[in-house]
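Colleague: I am new to this one. Please walk me through it.

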Amino acid sequence: MIKKTVVALVGALVLVLALVTRNEAQQPATKLRQIGVLYPGLSGSSAPQLEGFQQGLRELGYEKGKNIAIEYRFAEEKPDRLPELATELVGLKVDVIVAAKGTPSILAAKNATSTIPIVFPTVGDPVALGFVASLARPGGNITGLTN
């Protein structure tokens, strides 16, 4: 289950990165794409999930330090820190934000930016939560998976 979620998330992230790359003016070949990861948990406890995320990126040809940079922000189990951390990622001008582990991260990222693409691994009902307009046409800058 976790592996399928990670693979699907990485696929969605690659799609967003491809769209961002296509829609921007040509950049120098040395520019690294920056992925911001907003994570509500502790940095040490998330190692298996984040390693799976990085492995999925590597399998698709994306390598940390080679063609992507990953900026992690951990709320350390303090959800009230998520808005500040999301704003920090926006200030870094990341190309995409991965809002991990549910509603608080997604909401913090959504409130921090309406222009940077936001990808979430999974959420119950993104329409009812107000994250997307509809499943068929999410609109805005947020996309992800629902079960």
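Colleague: Leaving aside neighbours within four places in sequence, which residues is glutamine 54 in contact with?

Modeller: This is a predicted model, where local features need pLDDT of at least 70, side-chain atom pairs count only at pLDDT 80 or more, and totals for chains, interfaces and linings use all residues. Residues are numbered from 1 along each chain as its sequence is written, and side-chain values use heavy atoms, leaving out hydrogens and water. Contact means heavy atoms within 4.5 Å. On that basis, glutamine 54 touches Lys64, Ile70 and Tyr72.

Colleague: Is glutamine 54 buried or exposed?

Modeller: Glutamine 54 sits in helix H2, residues 47-59. Helices (H or I, at least four residues) and strands (E, at least two) are DSSP runs, numbered from the N terminus. Buried means under 20% relative accessible area, exposed over 50%, partly exposed in between (1.4 Å probe, protein chains only). Glutamine 54 has 17%, so it is buried.

Colleague: Which strands stand at the edges of the sheet?

Modeller: Five strands form an open sheet with parallel pairing, in the order E2-E1-E3-E4-E5. Two strands pair if DSSP finds at least two bridges between them. Each edge strand has a single partner, so one side of each lacks a neighbour in the sheet: these are E2 (68-74) and E5 (142-146).

Colleague: What angle does the direction of helix H3 make with that of E1?

Modeller: Helix H3 (residues 82-91) packs on the sheet, touching E1 (33-39), E2 and E3. Axes are lines fitted to C-alpha atoms, for helices over the stretch in contact, and angles run from 0 to 180 degrees between N-to-C directions. The angle is about 180 degrees.
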